[in-house]
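These are my notes from going through one model.

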Amino acid sequence: IYILYVVLSTMAFYNMAHVLFFYDVNNFNRLEPAAILISIGMFIVTIYMFYVTFKLFWSYIPQENEQKEIIASATLISNRQKKNKTGQPVNPIKASSVIAKMGKVDYIVMLTIVIIYTIIAFTRIGNMSAPETGYSLVEKGGETVFDMGEEVLIKDMWDFPGYKENQKYYIQYSSNGTDWTTLNGEGTEWNAGSVFAWNETQLNIWARYFKIWPAVDNYEDSILEFVFRDDSDNMLLPVNSEEYPLFFDEQDIFDGRKSNMNSTYFDEIYHARTAYEMIHHLYCYENTHPPLGKVFIACGVLMFGMNPFGWRFAGTLFGVLMVPIIYNFSKKFFKETWISAVTTLLFTFDFMHFVQTRIATIDVFVTLFIMLSYYFMYCYTKYSFYDTELKKMFIPLGLCGVTMGFGWASKWTGIYSSAGLCIIFFAQVIKRFREYIYACNNPAGTTEGIEHRYIIENFYKKFWKTIGFCCVFFVVIPVVIYTLSYIPVSDGTDRGLIARMLQAQKTMFDYHTQLTDPHYYSSKWYQWPIMYRPMYYYEGIVSDNLREGISAFGNPLVWWAGIPAFIYMLYLLYKEKDKKAAFITVGYLSQYVPWFFVTRTVFIYHYFPSVPFITVMLGYSFYRIVEKHPSWKKAIYIYTACAIGLFILFYPVLSAKAIDPAFADRWLKWFESWVLLRSE
């Protein structure tokens with residue numbers, strides 16, 4: 001009867017899906033969040049039915065064995081619920097746990113993953129050269145004239161501006177040097193375009209002379225290079241180029257078009273620019289985020305120059321460093337190499353991790369410090385101050401506070417993680433207090449080698465020392481780190497450091513509370529786990545049938561599987577009071593829940609700090625499954641291999657590797673709301 005029920009239900013689900021998704025598409029929007037959730041629900045129910053079928057018929061348990069399992073389970077539950085006279089659980093006192101250490105095999109596995117990912121991550125992140133020498137038309141008195149030597153057909157003009165965004169100029173051209181025509185019409189300003197990027201202006205005009213001067217004379221300006229081309233894409237060098245050598249001294253750098261390899265894209269126009277301004281002690285235009293992330297970007301620029309490789313180096317390096325961090329955390333969390341490797345691979349080859357760390361924005365930095373702070377907090381939770389010296393416990397606790405401060409100084413989302421850390425810390429305090437209460441009711445006893453008398457005599461002393469330590473390392477030091485991060489920031493005033501920092505907080509708050517303008521690629525918080533709308537960062541045209549694109553979203557086998565994994569964590573928390581499930585859940589929710597209440601325009605990349613917790617939730621789910629069903633380990637290896645396979649399949653639309661848009665539309669665009677590559 002049950003098998004018949006499964007077959008009929010599956011057929012009914014298929015019939016319903018066919019009607020809604022294919023037969024009656026005009027009356028059913030299959031891309032609505034509700035429709036997607038219904039589909040996921042149907043899929044989960046179907047899988048569960050087949051699982052029960054397998055459990056009942058292919059893994060049949062004799063009745064006598066089943067009775068033994070039921071009795072054993074009931075006994076375990078009874079022991080957990082048993083209370084002593086004081087109403088406290090039996091033996092709540094626990095000694096410090098042994099923290100798993102990395103072994104030789106762990107180092108080999110971890111380093112192998114790191115090396116492979118490093119090669120992939122640093123491949124084609126950007127050119128190591130870009131125009132650097134600039135010319136200020138404002139400083140040079142304004143009007144500049146280029147002479148082509150003779151009247152020629154000029155198809156287009158390319159310019160590479162410096163750190164000033166959307167500089168305005170007037171341009172006129174002439175064939176004889178007497179009669180001048182204003183580009184795009186009389187009184188029309190010409191916009192130089194995005195900073196540190198090649199910007200094209202289509203001309204298709206016959207001219208010998210070009211005259212350019214600033215539209216406004218009361219601001220700094222800088223254009224680093226000009227390129228003129230004829231209708232055969234050959235460069236045209238003015239005969240008087242030696243009069244303006246800084247405009248034409250880096251012609252060989254131009255490779256024919258604008259791309260992610262030679263120009264800024266998306267918010268790099270703000271963050272890479274700010275890094276440049278910090279280095280040269282200029283007014284910092286972008287002040288909507290704390291500055292530390294841009295300081296790291298500036299370090300890459302100082303090492304490799306103001307070029308795409310330079311401004312993306314630090315973020316890519318931090319993306320690589322995330323790999324050993326999550327492996328070490330997994331090793332301490334699971335204590336087994338195989339699941340540590342699985343968890344690390346799922347995170348390493350998540351699409352968002354790859355894309356978001358190869359663009360010069362600040363999300364990578366705050367995410368790494370969030371990972372570190374939870375890593376150190378987890379290490380702290382494995383100790384008990386009843387059998388461990390405080391100075392030893394203060395090492396991970398202090399490092400947690402310091403990395404939390406670095407997270408604050410990188411982006412305000414780092415403050416969200418502080419709520420989770422606070423919950424975990426005070427859960428430990430409550431645990432220590434319960435142990436103290438138990439010891440007070442049994443003063444002569446000893447539990448796990450810890451004398452109750454020692455607990456009674458030392459609880460308050462160690463408690464207040466710990467609280468005092470936390471006041472310094474979780475309040476004072478983070479505030480100091482946050483304030484000091486503003487040292488390289490210039491706001492165009494003579495304010496002191498603290499005054500500049502406080503004014504910046506007001507500016508940031510006003511910006512984020514007022515940013516409500518609609519954006520085509522924005523998405524709601526509840527759409528992020530299902531990846532309803534990826535963030536389309538970059539597009540490029542190579543030829544008629546070759547396109548480039550970069551989209552930020554998650555690996556489907558990681559993000560979609562993370563939904564049931566999170567539900568399973570809640571189940572473990574409710575059913576078994578599982579502390580590991582609680583730790584991951586608190587970390588995940590501390591990053592995700594605050595976005596429920598954010599009213600500004602938001603995007604899927606805001607979900608990036610949650611991705612490490614998603615992969616650990618998946619790893620813990622797999623760990624628990626294999627614990628009960630060891631034979632499933634091979635299936636998990638296959639699952640991980642499939643996740644890596646998806647990364648390889650989607651690699652072109654994550655890295656801007658040119659492919660035929662027809663391939664992307666057929667194999668990669670799984671939903672209409674996904675914009676991965678434009679075919680126009």
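At what angle do the axes of helix H4 (residues 104-122) and helix H8 (residues 308-334) cross, and within what distance do they come? I find a crossing at roughly 160°, with the axes coming within 10 Å. That makes H4 roughly antiparallel to H8, because angles over 145 degrees count as roughly antiparallel. The axes are lines fitted to C-alpha atoms, for helices over the stretch in contact, and the angles run from 0 to 180 degrees between N-to-C directions. The crossing of H4 and H8 is right-handed, that is, the near helix is turned clockwise from the far one by less than a right angle. On the H4 side I noted the contact residues, among them Val-109, Ile-113, Tyr-117 and Ala-121; on the H8 side they include Phe-313, Val-320, Pro-324 and Tyr-327. Contact means heavy atoms within 4.5 Å.

Conventions, before going on. The model is predicted, with local features needing pLDDT of at least 70 and side-chain atom pairs counting only at pLDDT 80 or more, while totals for chains, interfaces and linings use all residues. Residues are numbered from 1 along each chain as its sequence is written, and side-chain values use heavy atoms, with hydrogens and water left out.

Whole chain. I counted 20 helices and 11 strands in the protein chain; these are DSSP runs numbered from the N terminus, helices being H or I with at least four residues and strands E with at least two. The C-alpha trace spans about 105 × 65 × 45 Å along its principal axes. Of the 680 residues, 52% are buried, where buried means under 20% relative accessible area, exposed over 50% and partly exposed in between (1.4 Å probe, protein chains only). Among contacts with a separation of 6 or more, 78% are between residues 24 or more positions apart.

Helix H11. This helix covers residues 363-381, and its 19 residues reach 27 Å from first C-alpha to last. That is close to the expected 27 Å, the expected span being 1.5 Å times one less than the number of residues. In H11, 19 of 19 residues are buried. H11 packs against helix H12 (residues 390-410) at about 160°, with axes 8 Å apart, and the two are therefore roughly antiparallel. I noted the crossing of H11 and H12 as left-handed, which is the anticlockwise case. The H11 residues that meet H12 include Phe-365, Phe-369, Leu-372 and Phe-376; their partners in H12 include Met-393, Leu-397, Cys-400 and Met-404.

Tyr-538. I located Tyr-538 in strand E10 (residues 535-543). Is Tyr-538 buried or exposed? Its relative accessible area is 7%, so Tyr-538 is buried. Its side chain makes a polar contact of 2.6 Å with the side chain of Glu-548, and reaches the backbone nitrogen of Asn-260 at 3.4 Å. A polar contact is a pair of N or O atoms within 3.5 Å; within protein, one must be able to donate a hydrogen and the other to accept it, and residues adjacent in sequence count only if both atoms are side-chain atoms.

Ser-673. This residue is in the segment after helix H20 (661-668). Ser-673 counts as buried because its relative accessibility is 6%. A polar atom of its side chain lies 2.4 Å from the backbone oxygen of Tyr-532.

Ala-427. I placed Ala-427 in helix H13 (residues 413-441), where it counts as partly exposed at 41% relative accessibility.

Notes
Angles under 35 degrees count as roughly parallel, over 145 as roughly antiparallel, 65 to 115 as roughly perpendicular and the rest as oblique.
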